[in-house]
Amino acid sequence: MGLGLLIGGKWVSEREQEDSQGKFIRPVTTFRNKITADGSSGFKTEAGRYHLYISWACPWAHRTAIMRKLKGLEDVIGMSVVHPEIYDNSWEFSSTDPGSIPDTVNNASALWKIYLKADPNYEGRVTVPVLWDKQTNTIVNNESREIIRMLDTEFGFAKSDVDFYPEDLREVIDKTIDEIYQPINNGVYRAGFASTQTAYEEGLTDLFNALDHWDEVLGKQRYLCGDRITEADWCIFTTLLRFDVVYYGHFKCNIRHIWDYPNLWNYFKELYQVPGVKETCNIDHIKRHYYKSHNKINPTRIVPKGPEIDFGTPHNRAQKVAVAAV
Ligand SMILES: N[C@@H](CCC(=O)N[C@@H](CS)C(=O)NCC(=O)O)C(=O)O
């Protein structure tokens, strides 16, 4: 098992992650600086200065890869992709595993070494995504929703001028990202990592109540915040992508599939089919990560073959919303 942590400058390869009632606890991330266009934060927007460390498997990190891609920032911000399977060293780099991209910036073998390089006194979890500053040799930020905001709003010279945080929707976007976090994005983990029946059922109930709610909302409007794709849609998208493939089985989130929800399913497919997005969706890394990394949940590390699922089939969103508007 490699869900460990750094203590006193040393990597410890095992940790508890539930409280005394068996509830999964997600500690807050601690590198919370910002890149700003004017440089007032000490981290100025500059081409070539920053590097992203992600995992294709991780829903939080995946958000940042989508934003980098859709904003056309691939030449501006470099990216490394960790090996999907977690063993004693947690996230490691590989130059041979298909889909992984080694660390050419710090030449580290494992992500925890990068955390220690940023702060030799750092203690706690070692998570992706990480936004690294090559100029000051430190981690700017390791919180996905803040990283996507920076990529979205602070890189005025991005190739694409698509705006996922438009002025008139800012309040509702922030509220929606908050609203989906506990029951949905973190809800699948609250169900999956629970170690008591009560904690599992609590996570599961919140999760499916929230999915039912958003399916209803999406019967009336095309996207989470109205008629435009925003950051909130990318925040839910990465959880929906993993749902039928791993959360349904591995995390026991098996009341309904996403494909059973008429609106959520078509909405999800529409987002998947936005040009550039499917190139960031690595189902092989996703499956290998979850099934081969959590040995309390899946001690044999066997990766299931199914389900057979095609996210590329036509969606009905344009038609659905036209009908809802009548
Ligand atoms: N709040 C963080 C969560 C990041 C996170 O928990 N990432 C997971 C991967 S899905 C991780 O790296 N876990 C390693 C660990 O817990 O040791 C964010 O949104 O960026």
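Student: In which helix does Y189 lie?

Tutor: In this predicted model, Y189 lies in helix α5, which comprises residues 187-192.

Student: Why is Y189 called partly exposed?

Tutor: Y189 has 19 other C-beta atoms within 10 Å. A buried residue needs 20 or more and an exposed one has 12 or fewer, so a value in between is called partly exposed. Leaving aside neighbours within four places in sequence, Y189 is in contact with F24 and R26.

Student: What does the UniProt annotation "active site" cover?

Tutor: The annotation, from an unreviewed entry, covers C58 and Y189.

Student: How do you know that they gather at one spot?

Tutor: They span 132 residues in sequence, yet their C-alpha atoms are not more than 11.8 Å apart, so they gather at one spot.

Student: Is C58 buried or exposed?

Tutor: C58 has 24 other C-beta atoms within 10 Å. The cut-off for a buried residue is 20 or more, so C58 is buried. Its place is in the loop between β3 (50-54) and α1.

Student: Which residues surround the ligand?

Tutor: The ligand is surrounded by L3, T29, C58, W60, S90, R125, V126, T127, V128, P129, E143 and S144. By class, this shell has six nonpolar, four polar and two charged residues.

Student: Which residues does the UniProt annotation "binding site" cover?

Tutor: According to the unreviewed entry, the annotation covers W91, R125, V126, T127, V128, E143 and S144.

Student: What makes W91 a buried residue?

Tutor: W91 has 27 other C-beta atoms within 10 Å. W91 is found in the loop between β4 (78-81) and α2 (111-118). Not counting residues up to four places away in sequence, W91 touches S55, V82, I86, A110, L111, V126 and V128.

Student: Why does V126 count as buried?

Tutor: V126 has 23 C-beta neighbours inside 10 Å. The cut-off is 20 or more, and therefore V126 counts as buried. V126 is placed in the loop between α2 and β5 (130-133). Apart from neighbours within four places in sequence, its contacts are L6, S90, W91, L111, W112 and Y115.

Student: Which residues touch the most other members of the largest nonpolar core?

Tutor: Of the 85 residues in this core, they are Y53, L111, V128 and L264. Helix α7 (residues 231-247) gives the most to the core, with eleven residues. The core draws at least three residues from each of domain 1 and domain 2. Leaving aside neighbours within four places in sequence, Y53 is in contact with S80, V82, L111, I114, V128, P129, V130 and W132.

Student: What makes helix α8 mostly covered?

Tutor: Nine of the eleven residues of α8 (residues 262-272) are buried. The buried residues are N263, L264, W265, N266, Y267, F268, K269, E270 and L271.

Student: Where do the bounds of domain 1 and domain 2 fall?

Tutor: The domain assignment gives domain 1 as 5-153 and domain 2 as 167-280 + 310-325. Their C-alpha centres lie 24 Å apart. The contact takes 19 residues from domain 1 and 20 residues from domain 2.

Student: Which elements give two or more residues to the side of domain 1 that touches domain 2?

Tutor: These elements are α1 (59-70) and α3 (144-153). The largest share, eight residues, comes from α1. By class, this side of domain 1 has seven nonpolar, four polar and eight charged residues.

Terms used:
Residues are numbered from 1 along each chain as its sequence is written. This is a predicted model: local features need pLDDT of at least 70, side-chain atom pairs count only at pLDDT 80 or more; totals for chains, interfaces and linings use all residues. A residue is near a molecule or strand if its C-beta atom, placed from the backbone, lies within 6 Å of it. Ala, Val, Leu, Ile, Met, Phe, Trp, Tyr, Cys and Pro count as nonpolar, Asp, Glu, Lys and Arg as charged, and the others, Gly among them, as polar. Helices (H or I, at least four residues) and strands (E, at least two) are DSSP runs, numbered from the N terminus. Domain bounds come from an automatic or database domain assignment. Two residues are in contact if their C-beta atoms, placed from the backbone, lie within 7 Å. UniProt positions are given in the numbering used here, feature names are shortened, and annotations may be inferred rather than shown by experiment. A nonpolar core is a set of buried Ala, Val, Leu, Ile, Met, Phe, Trp, Tyr and Cys residues joined through C-beta atoms within 7 Å.
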